[in-house]
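Trainee: Before we go through this model, I would like to know how to read its cavities, strands and helices.
Mentor: Then let us look at it together.

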Amino acid sequence: MEHPENDEAYKGLVVNAGIEHPSSVNPYLKARKRPQRQALSVNDYVDGIVKGDTVTLSRAVTLIESVLPEHQVLAQEVIEKCLPYSGNSVRIGISGVPGAGKSTSIDVFGTHVLEEYGGKLAVLAIDPSSERTKGSILGDKTRMEKLSVHPKSFIRPSPSAGSLGGVARKTRETIILCEAAGYDKIFVETVGVGQSETAVHSMVDFFLLLQVAGTGDELQGIKRGIMEMADGIVINKCDGDNVQRSQMAAAHFRNALHLFPMPDSGWSPKVLTYSGFYGLGIKEIWEMIYQYIDFVKHNGYFDYRRNEQSKYWMYETINEHLKNSFYQNPKVEEMLEFKENQVLQGVQTSFAAAKQLLDVYYSTLK
């Protein structure tokens, strides 16, 4: 395109043509092909997991988390073959309100138990997902500075993605794989809100509740549902000028526990104080956990609880498959939006619409 400055009227003005810009891509750089990851068979997965290969274990967990039907079939076969190698760990659930220091505590607890008792530790963290974008930060490893580089630890965060039940089931399946890989201590960290505690409580041997003092209303932490699930309560951040408040909070929790009926395990939950930041009181917490494990193994509650959990997850899996079968039914998918609009327009009640959809679903099963 000619510049207007080159017109006769501007003949005294000279405009240089300029230079051609070189390509931003190096012409001598050859395109490198990324090596494709080799597909593993069921036996490859099982052999790698049993040998303790963390790469194979990670790939197997990814397989469990996949929503592709072919991946689910493969994952279930791997889990079935790993089942005989599982069940030999201590499973500990760790919960608490956001900001109670769960990730920091896990880092301190995990480092202590690996140094004092040896063995291997797996940390399965359920990370909350955005309700709007379904995305998760999955940043728990950044707060587990020591464990994340420890050769005997395995940390795996999973997004809740709005479906806590599904993630909880997959976490339970991941526990089986971790146990088959030789991890004799399993930590399961919850998102710390809603029904997550119930889901995690149904897959662990010891449920530890983290609390903090000096945050305002101490009674906020004394909720019957969560308190009845706890096998042990610890008050974090018991250091500096917060020591007296922490000890007072511990006394409140002890008094509250006396009002609840004795748990089925026969164990009276203990309340301890500690400082995750300064590593104070960690030894006493682990002594409490192992004391509890010895207690319930001696009276038979340990095996009873494991059996009840297996039964619970059988029914949960049935419920989830029935739900998926309903929503993935072609006839139901065709009618769903229409019925939804009828309900929104006030033409039909929610209950009548639901019954018609269920009737259509049942008719396809005949």
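**Cavity, strands and a helix**

Mentor: Leu-124, Ala-125, Ile-126, Arg-156, Ser-158, Thr-171 and Thr-174 form the lining of the largest cavity. The model is predicted, with local features needing pLDDT of at least 70 and side-chain atom pairs counting only at pLDDT 80 or more, while totals for chains, interfaces and linings use all residues. Residues are numbered from 1 along each chain as its sequence is written, and side-chain values use heavy atoms, with hydrogens and water left out.

Trainee: What counts as a cavity, and how much space lies in the largest cavity?

Mentor: On a 1 Å grid over the protein atoms alone, a cavity is a set of points where a 1.4 Å probe fits but cannot get out; lining residues have an atom within 4 Å of a point. A volume is the space filled by probe spheres set on the points, which are joined across faces, edges and corners. Here the largest cavity holds about 40 Å³, and the whole structure has one cavity of 30 Å³ or more.

Trainee: Which element gives the largest share of the lining of the largest cavity?

Mentor: Helices (H or I, at least four residues) and strands (E, at least two) are DSSP runs, numbered from the N terminus. β2 gives the largest share, three residues; β2 (121-127), β3 (153-159) and α5 (164-180) each supply at least two.

Trainee: Is strand β6 buried or exposed?

Mentor: Buried means under 20% relative accessible area, exposed over 50%, and partly exposed in between (1.4 Å probe, protein chains only). Five of the five residues of β6 (residues 232-236) are buried, so the strand is largely enclosed by the rest of the structure. Gly-232, Val-234 and Asn-236 point one way, and Ile-233 and Ile-235 the other way.

Trainee: Which strands pair with β6?

Mentor: Two strands pair if DSSP finds at least two bridges between them. β5 (residues 206-212) runs parallel to β6 and is joined to it by five bridges, with Leu-209 partnered by Ile-233. β7 also pairs with β6 in the parallel sense, over four bridges, and Ile-235 has Thr-273 as its bridge partner. From β6 the chain passes through α8 to β7 in a right-handed β-α-β crossover: with the strands pointing away from the viewer, the path from the first strand over the helix to the second runs clockwise.

Trainee: What span should helix α2 have?

Mentor: The expected span is 1.5 Å times one less than the number of residues. For the twelve residues of α2 (residues 54-65) that gives 16 Å, in agreement with end C-alpha atoms 16 Å apart. Its buried residues include Leu-57, Ala-60, Val-61 and Ile-64.

Terms used
On a 1 Å grid over the protein atoms alone, a cavity is a set of points where a 1.4 Å probe fits but cannot get out, and a pocket is an open set with protein on both sides within 12 Å along at least five of seven lines; lining residues have an atom within 4 Å of a point.
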